[in-house]
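The exercises below are meant to be worked with the structure in view. Try each task before reading its solution.

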Amino acid sequence: MSDVILETHDLRREFGALVAVDDVNVKIEAGTLHSIIGPNGAGKTTFFNLVSGTLPPTSGTVFFKGEDITALPVHRTIHLGLGRSFQITNIFPNLTVLENVRLAAQAMGRDSFRLLRSHGRYDQYLDRAAEVLDQVGLSGQELMPASTLPHGDQRKLELGMILAPDPEVLMLDEPTAGMAAEQVPELMDLVQRIQEDGDKTVVLVEHNMNVVMRVSDRITVMHQGAVLAEGTASEIAGDERVQTAYLGELYDDAKPEAES
Ligand SMILES: Nc1ncnc2c1ncn2[C@@H]1O[C@H](COP(=O)(O)OP(=O)(O)OP(=O)(O)O)[C@@H](O)[C@H]1O
Ligand SMILES: [Mg+2]
């Protein structure tokens, strides 16, 4: 086993009779961009919730850097270095851009309890926020209320909020959702740059197959809660079961032009 940073063993979550995540075994290699794809309702967000500690599993285990983190609540997994986004925008609309990121650095950082007693730390978090805003391309917009940012910039802000505590793993659930098509490559380039330059691991849920095929080192395909296939982008693009279950519907650009 090479450098596996995140791993699940028979991870399972039932909602009544529904098996939303069905004994999923996934290994995420450190420093890679690993996408999880699958049709609506496949269990991708539930899987994220189980891994990050947002939701307890029915059974199974989650390991982060070899440590069993299954029972840990989300604030503990964040402290350990596991950062996650939510499918729905998670910013404080009335606060400024800078305050949103500063609070994320502070609240998620290891020193949150000591913060109020130390002025120096406040400055440290402000510095960190400014650094992160530069990284995600929002310098110059620090003092704008977050709600006044265009939607695409709000998604960048969210990315900044995940980055603020400097996680080792970023779990991004549809980071480009709702973005205009022409803004998507910019955000994904940003994600790739963060992953490659910052030596981070990214776990990505994304419906845009062109994006997924371009940026992923590995892809896990979920279908009805279970893992249907796993491999490199070209292995997945060529997998017949995946084509039948899923890709054919979504990966329109891969279809021959003949039909129209
Ligand atoms: N809290 C819940 N209570 C009951 N059922 C749930 C709950 N959360 C998710 N589900 C169900 O579990 C299944 C998996 O949902 P999930 O949101 O994980 O799918 P997804 O792959 O993220 O889908 P999408 O691509 O639409 O975001 C769905 O059938 C969903 O209705
Ligand atoms: Mg989802």
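**Exercise 1.** Which residue in strand 2 does Glu7 stand opposite?

*Solution.* This is a predicted model, in which local features need pLDDT of at least 70, side-chain atom pairs count only at pLDDT 80 or more, and totals for chains, interfaces and linings use all residues. Residues are numbered from 1 along each chain as its sequence is written, while chains are lettered from A and ligands numbered from 1 in the order in which they are written. Begin with strand 1 (residues 4-15) and strand 2 (residues 18-29), which pair in the antiparallel sense over 8 bridges; pairing requires at least two DSSP bridges, and strands (E, at least two residues) and helices (H or I, at least four) are DSSP runs numbered from the N terminus. Within this pair, Lys27 is the residue opposite Glu7. Finally, follow the hairpin through the 2 residues between the strands, where Gly16 has a positive phi of about 60°.

**Exercise 2.** Find which element gives the most residues to the shell around ligand 1.

*Solution.* First take the 12 surrounding residues, the closest being Phe15, Ala20, Lys44, Thr45 and Thr46, where a residue counts if its C-beta atom, placed from the backbone, lies within 6 Å of the ligand. Strand 2 and helix 1 (44-52) each supply at least two of the shell residues, and helix 1 gives the most, with 3.

**Exercise 3.** Identify the residues that Ala129 is in contact with, leaving aside its neighbours within four places in sequence.

*Solution.* Taking contact as C-beta atoms, placed from the backbone, within 7 Å, the partners of Ala129 are Leu98, Val101, Arg102, Ala105 and Ala164.

How values were computed
Contact = placed C-beta atoms within 7 Å.
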